[in-house]
Amino acid sequence: RFSTIGHFREKLETDVQFPTQNLNMEHYVMPGLCRVASTSYNLYAVANHFGTLSGGHYTASVFNGHRGLWNYFDDTRVSPVPEQKVASPAAYLLFFVQNQA
């Protein structure tokens with residue numbers, strides 16, 4: 001999420017596509033582990049950063065598993081957000097949970 005040019009670093013605003021359900025990590029785990037544990041993961045939260053390296057604003061999208069809905073947190077405001085809006089160029093950290101085998 002950063003670019004270095006000489007002594008300068010800048011934050012990238014590249015749009016990164018990522019799944020919200022069933023991220024398959026089978027090709028990235030030790031051989032044989034696939035038989036023991038699930039290699040499929042679901043996204044449950046995204047931390048967003050708006051701004052530059054020297055300052056900015058953080059928000060988050062979090063999945064409510066009990067209701068099956070995504071919520072957007074921005075300071076004191078919480079509002080529903082469609083699943084397709086969770087992935088954005090502001091996505092900074094992704095949090096996944098392992099699906100049960």
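This briefing walks through the strands, the core, a surface patch and a few individual residues of the structure above.

The model is predicted, so local features need pLDDT of at least 70 and side-chain atom pairs count only at pLDDT 80 or more, while totals for chains, interfaces and linings use all residues. Residues are numbered from 1 along each chain as its sequence is written, and side-chain values use heavy atoms, with hydrogens and water left out. Strands here are DSSP runs (E, at least two residues), numbered from the N terminus.

**Strand pairing**

- Strand β5 (residues 55–64) pairs with β6 in the antiparallel sense over 5 bridges; two strands count as paired if DSSP finds at least two bridges between them.
- Within that pairing, Ser61 has Tyr72 in β6 as its bridge partner.
- The β6–β7 hairpin has 2 residues between its strands, and Asp75 in the turn has a positive phi of about 55°.

**The nonpolar core**

- The largest nonpolar core has 7 residues: Phe18, Leu43, Val46, Trp70, Val81, Val86 and Ala91.
- Such a core is a set of buried Ala, Val, Leu, Ile, Met, Phe, Trp, Tyr and Cys residues joined through side-chain atoms within 4.5 Å.
- Buried means under 20% relative accessible area, exposed over 50%, and partly exposed in between (1.4 Å probe, protein chains only).
- Leaving aside residues up to four places away in sequence, Phe18 touches Leu43, Val46, Val86, Ala87, Ala91 and Leu94; contact means heavy atoms within 4.5 Å.

**A nonpolar patch on the surface**

- Tyr44, Phe63, Leu93, Phe95 and Val97 form this patch, with about 410 Å² of accessible area together.
- Patch residues have over 30% relative accessible area and no salt bridge; like charges are joined within 9 Å, and nonpolar side chains (Val, Leu, Ile, Met, Phe, Trp, Tyr) within 5 Å.
- Areas come from the Shrake-Rupley method with a 1.4 Å probe, and for residues only the protein chains shown count as cover.
- Strand β8 (residues 91–98) supplies the largest share of the patch, 3 residues.
- Leu93 lies in β8 and is partly exposed, at 42% relative accessible area.

**The salt bridge**

- The structure holds 1 salt bridge, defined as a side-chain nitrogen of Lys or Arg within 4 Å of a carboxyl oxygen of Asp or Glu.
- The side chains of Asp74 and Arg77 form it, at 3.4 Å from N to O.
- Asp74 counts as buried at 16% relative accessibility, whereas Arg77 is exposed at 52%.

**Two more residues to look at**

- Ser88 sits in the loop between β7 and β8 and counts as buried at 18% relative accessibility.
- Beyond residues up to four places away in sequence, Ser88 touches Asp15 and Asn48.
- Ile5, in strand β1 (residues 2–5), is exposed with a relative accessible area of 55%.
- The C-alpha atoms of Ile5 and Phe96 are 31 Å apart, with 91 residues separating the two along the chain.

Terms used: Helices (H or I, at least four residues) and strands (E, at least two) are DSSP runs, numbered from the N terminus.
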